Amino acid sequence: MNPLQNAVAVNRAKPHFTALLQLAASSCCLIALIGCGSNPYLPVSGTVLLDGQPLEDAKLIFEPIGDAEGNTSGRPSYGRTDASGQYSLHCPIADQDGAVIGRHRVRIVTTKLPTYTETQKSKARKHLQEQEAEGGNPNAEITQEMVDNYLSDVVRVVATKELLPAKYNSQTELEFTVKASGDNQADFDLQSRR
């Protein structure tokens with residue numbers, strides 16, 4: 001092929017090359033819009049009743065189930081019921097209100113994490129300060145994290161007992177699908193009988 005034929009071939013290939021570049025650029029923009037530009041989290045709220053009465057101070061966990069291969073499309077969202085049993089969800093990892101669009105496994109728990117008394121915290125702080133002083137650091141700053149870590153090693157506390165049957169939490173049968181449009185009201189009418 002002579003130089004003139006090469007130039008003609010390059011010019012003929014240019015429209016195809018340009019079209020491929022435009023297609024690639026369009027695909028990248030579409031992927032960016034789907035993956036990052038849109039907000040897949042939508043507001044979700046509702047009411048939780050236990051035996052027909054509002055369930056106060058229950059924690060709700062909405063876990064995205066994902067597709068058939070188990071690939072999830074978002075992070076879990078959490079909510080806590082108020083005195084009237086109402087809640088709304090927030091995803092702290094994504095820093096978004098609501099829950100991601102799609103099917104979710106729902107867990108509702110009433111157990112509370114153990115807490116330490118102010119007396120226990122004060123004694124732990126004093127003990128840690130004394131240890132630091134004996135080690136040659138009399139002005140050490142004792143953080144709350146240090147106090148909590150110390151107490152978790154030396155004080156045995158028991159979490160409160162779960163009030164709800166396992167079918168609502170550890171072996172949950174509850175599901176909810178967050179829809180892309182419309183109202184995402186997720187109400188749960190639970191029964192205390194197991």
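In which strand is the place of Glu63? Glu63 lies in strand E4, which spans residues 59–64; strands are DSSP runs of at least two residues, numbered from the N terminus. The model is predicted, so local features need pLDDT of at least 70 and side-chain atom pairs count only at pLDDT 80 or more, while totals for chains, interfaces and linings use all residues. Residues are numbered from 1 along each chain as its sequence is written, and side-chain values use heavy atoms, leaving out hydrogens and water.

**View 1. The largest nonpolar core.** This core has 21 residues; a nonpolar core is a set of buried Ala, Val, Leu, Ile, Met, Phe, Trp, Tyr and Cys residues joined through side-chain atoms within 4.5 Å. Val44, Phe62 and Ile108 are among those with the most contacts inside it. Strand E11 (174–178) gives the most to this core, with 3 residues.

**View 2. Aromatic pairs of Phe62.** The rings of Phe62 and Phe176 have centres 6.2 Å apart and planes at 70°, so the pair is edge-to-face (centres within 6.5 Å, planes over 60 degrees apart). Phe62 in strand E4 and Phe176 in strand E11 are 114 residues apart. Phe62 and Phe176 are buried.

Notes. Helices (H or I, at least four residues) and strands (E, at least two) are DSSP runs, numbered from the N terminus. Buried means under 20% relative accessible area, exposed over 50%, partly exposed in between (1.4 Å probe, protein chains only). Rings of Phe, Tyr and Trp (its six-membered ring) pair if their centres lie within 6.5 Å; planes under 30 degrees apart count as stacked, over 60 as edge-to-face and the rest as tilted.
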